[in-house]
Amino acid sequence: MSLQSSLVGFAVFKALEHVLDIPFGPAENVVLQSTAVATATMPLAGGFVGILPALKMLEPGEAGGMRTVLNYGELCAWGLALTFFGVFFAIPLRKQTIVREKLRFPSGTATAQMISVLHKMPDPTMEVDALAVSTAVAVAVGPQGNNSAVDAHRIRRRNEQSNTTFEPETEPETEPEQEDADGDRKFVDDVEWVTKLLSLLVAFLLSGCYALLAYFFPVISALPVFGSRLSRMWAWNLMPSLSYAGQGIIMGLPTCIWMLVGSIVGWGVLSPMAKNAGWAPGPVTDWKDGSRGWILWISLAVMIAESVVSLGLVSAKEMRNLFVYLRRIVDKKLGLQLSRRRNSGDGDAAGEDETQGALPARQGVVKSADIGDDEDVDPRFLIPGWITWGGLAASTLLCMGIVYALFGVPMYDTLIAVLLALPLAVLGVRALGETDLNPVSGIGKVSQVVFAGIMPGNLVGNLVSGGIAEAGAQQAGDLMQDLKTGHLLNASPRAQFAGQMIGSVFSVFVTAGAYLLYNRVYPIPGPQFPVPTAQVWLDMARLVNGHPLPPHVWPFIIAFSAAFVILPVVALLIKQSGKDVVRVGSWTIRTVTLQRWWPSGIAFAIGIYNTPNFTLMRAIGAIVTAV
């Protein structure tokens, strides 16, 4: 959705640029795309294709007298209940996932690259990180140089936001030579821009043609390249989508390889094992009784295990940084006290000079670390903390009140659902950042399992709680992709946030009307719109409220969870060892290579979670590019 909205927005607003008050540059393109994506994704985040149809499909005895069909006003209220808290929660995740960890967010990165092509800019992913340079300078020259580095970095950001490029001064040339050089440079730039634009258009047209053909001829979206038996019995098909291949190119070879490993383990080993052993007797792709529903729990266990451990390690690092920060404050105060004592003639001058000489170096190092983490844009363009946390609290209260009014779900249960949605949103954002896939459906299933214990037998409350968790992950993920695009192109996060809020609110009213229109014209579920997602939600709610987990899945959940609890810890120990090479038996492996190819639990779990046709083409794209 980001790529399409960026391209269409550029075509429309670039043509209207002569009537606009300001030029339509990359930053404006980013804000437009953020607003459009927020508007277009509301049907998914608001459960209009999953939760609401599932409520409508409940049997009269299962609803317990609660409301299951909503009118226009109630649909708008439901949308407003879900549209805000995920957006607010994404704001504090930006610094950790985008600025510090530098997660790829493949769709956001691809969107930034396309916008740079459209506006004749260099590839933003290939530019030298001036912030890293300024940080290194700060460490080398101490506190005074540190401030200069920060100022230089801020000037660079402001210059980039105004689309102005400052070239280093060179020796003056004669006018004819200068004109020839400028003409040659302009010609080269024009040729490169035309080449990139043609490549973009060709890829766009090929991908669009395939999508159109797949709509009219669905058989080409599931090619039985491994034989009809594997296709029919075990869902091993290939979807030759160029968009999938492009995503694989952006995601990188290591991530795609671990997704492929997960797909082989899940669909090549665990799925046949569960089916042949009679643990999952239904059709392989069935979420309820099939092996797909059986291996789903292993996938979720891996994602949760690695995410919890990774977050724990990050929290420990943050506590350490806080300790260093507090120590810097103490050192600063100590330095001031020593300075006063020296000015008043008290104390040992030699000892004071020694302390004063050691203090600035320590301060400079700490401050440089702070710069590397925090100073990515001018603070004026960041969202203030009071908006973030105040908005999160207000949106939570709004959700509690509306859900109680519509479905009679107690407010404390809705509060629990929101609190559960927040860490699950973190899980979804991290998965999205690494693999470009947001496992929102699986996240909703986790919430359904939890609320089966909190509200046993309440199918309506179970579906609503799952919808809240899914909405949080969906909205947070969408904003993080957009913020990645803005980060690469130096757009204002505050402007993007405003665009996301405007688009989400506008979409609530449009989506509610469209949902009612489709319900009046078509039977839902029906032949034209079977809404399989709604059936999955409903089956899951029934399962967790009357049936245990699939048989014999617990040992596998424990084994895989334990493995992906240990792996992140080992990776951290290798990184902190400081060794250039690591010996594994008789093999010697470079630490950098080992870290690059270290198993990714998120990618592995996504490979299990999705059918093979979603993974294979991504792996092919990454492998072809690497070769």
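Select L16 to begin: it sits in the loop between helix 1 (2–15) and helix 2 (26–45). Helices (H or I, at least four residues) and strands (E, at least two) are DSSP runs, numbered from the N terminus. The model is a predicted one, so local features need pLDDT of at least 70 and side-chain atom pairs count only at pLDDT 80 or more, while totals for chains, interfaces and linings use all residues. Residues are numbered from 1 along each chain as its sequence is written, and side-chain values use heavy atoms, with hydrogens and water left out.

L16 counts as partly exposed because its relative accessibility is 40%; buried means under 20% relative accessible area, exposed over 50%, and partly exposed in between (1.4 Å probe, protein chains only).

Together with L16 they make a nonpolar surface patch of about 480 Å².

Next, select helix 2. Its 20 residues should span 28 Å at 1.5 Å a residue, and its end C-alpha atoms are 27 Å apart, which agrees. The expected span is 1.5 Å times one less than the number of residues. Helix 2 has a kink of about 30 degrees at T39, shortly before the proline P43; the bend at a residue is the angle between axes fitted to the seven residues ending there and the seven starting there. Among the buried residues of helix 2 are N29, Q33, V37 and T41.

Move to helix 12 (residues 253–276). A kink of about 30 degrees is found at L270, shortly before the proline P272. Just after helix 12, G278 takes a positive phi of about 80 degrees.

Now pick K484 in helix 18 (residues 459–489). K484 is buried, with a relative accessible area of 7%. Show R104 as well: K484 and R104 are 380 residues apart in sequence, but 8.2 Å apart in space, C-alpha to C-alpha.

V584 stands opposite W587 in strand 2. Two residues lie between the strands, and G585 takes a positive phi near 65 degrees in this hairpin.

Technical notes:
Patches are made of residues with over 30% relative accessible area and no salt bridge: like charges are joined within 9 Å, nonpolar side chains (Val, Leu, Ile, Met, Phe, Trp, Tyr) within 5 Å. Accessible areas come from the Shrake-Rupley method with a 1.4 Å probe; for residues, only the protein chains shown count as cover. A salt bridge is a side-chain nitrogen of Lys or Arg within 4 Å of a carboxyl oxygen of Asp or Glu. Two strands pair if DSSP finds at least two bridges between them.
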